[in-house]
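Morning, everyone. I'll take the pockets today. Here is the structure.

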Amino acid sequence: MELDAMTFLGYVLAVMGSVAFIPQIQTILKSKSGEGLDLVMFSIVDFVTALVTSLCIKSGLDISNWAEVVVTNIQVFTIHALARYYLNQPKQLSILFGAKLLYIAVLTVAPLTWIKFIMNCMLPVVLFERGGAVYKHYKNKSTGQLSGATLGLQWAQFSGRIFTSVMAGAEGDFIAPMVLNCFFGTIVLGQWILYRQTKEEKAE
């Protein structure tokens, strides 16, 4: 019964992850603008989620543990591509699509030991970039065009996914990126709430 409950929770989190970035995509389409989005951050998320997907598949984890990561990867790539399109950067958009295809091909043939090594090397990069984004938000007293719904869903997803991964006995190199993302996600969500309230108070 415990396994059934954990599997069910895994699929619930998968659904949450599957819709997490839809509000952000809607925000970009509505505004027809990619201004204010940290494209470096979305590039890193794209890179890491594809890496995590490959790690999970090659490690033999149940699909309930990583299904939403695949959907998240597609949505993050879509956000990045839309931002480049609305920023009128056709050259960068072409490079983005080419790099994505090459990356998928490399992950398909790369051995598990290589993927784990790259994952561990990415942690300092994620730490530096997410920390920089938090400082930028603090400096500007704004989170730009980030969607509050997306931030909230991501926070819930990572919090629950850490729990299910620990219960499933996942390795530390799989859990570590989620802990890092959950930590910074909590800060950014708090910033979004704080700066939104400040903005509404000023408007009044």
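This is a predicted model: local features need pLDDT of at least 70, side-chain atom pairs count only at pLDDT 80 or more; totals for chains, interfaces and linings use all residues.

Residues are numbered from 1 along each chain as its sequence is written, and side-chain values use heavy atoms, with hydrogens and water left out.

Start with the largest pocket. Its volume is about 700 Å³. A pocket here is an open set of points on a 1 Å grid over the protein atoms alone, where a 1.4 Å probe fits, with protein on both sides within 12 Å along at least five of seven lines. Volume is the space filled by probe spheres set on the points, which are joined across faces, edges and corners.

The lining has 45 residues; lining means an atom within 4 Å of a point. Nearest the centre lie Met 41, Val 45, Arg 130, Gln 154 and Asn 181. Two or more lining residues come from each of α3 (39–59), α4 (67–86), α6 (112–140), α7 (148–167) and α8 (172–203). Helices are DSSP runs of H or I, at least four residues, numbered from the N terminus. α6 gives the largest share, ten residues.

Now the second largest pocket. That one has about 280 Å³. It is lined by 13 residues, with Thr 143, Gly 144, Leu 146, Trp 192 and Arg 196 closest to its centre. α7 and α8 each supply at least two lining residues. The largest share, four, belongs to α8.
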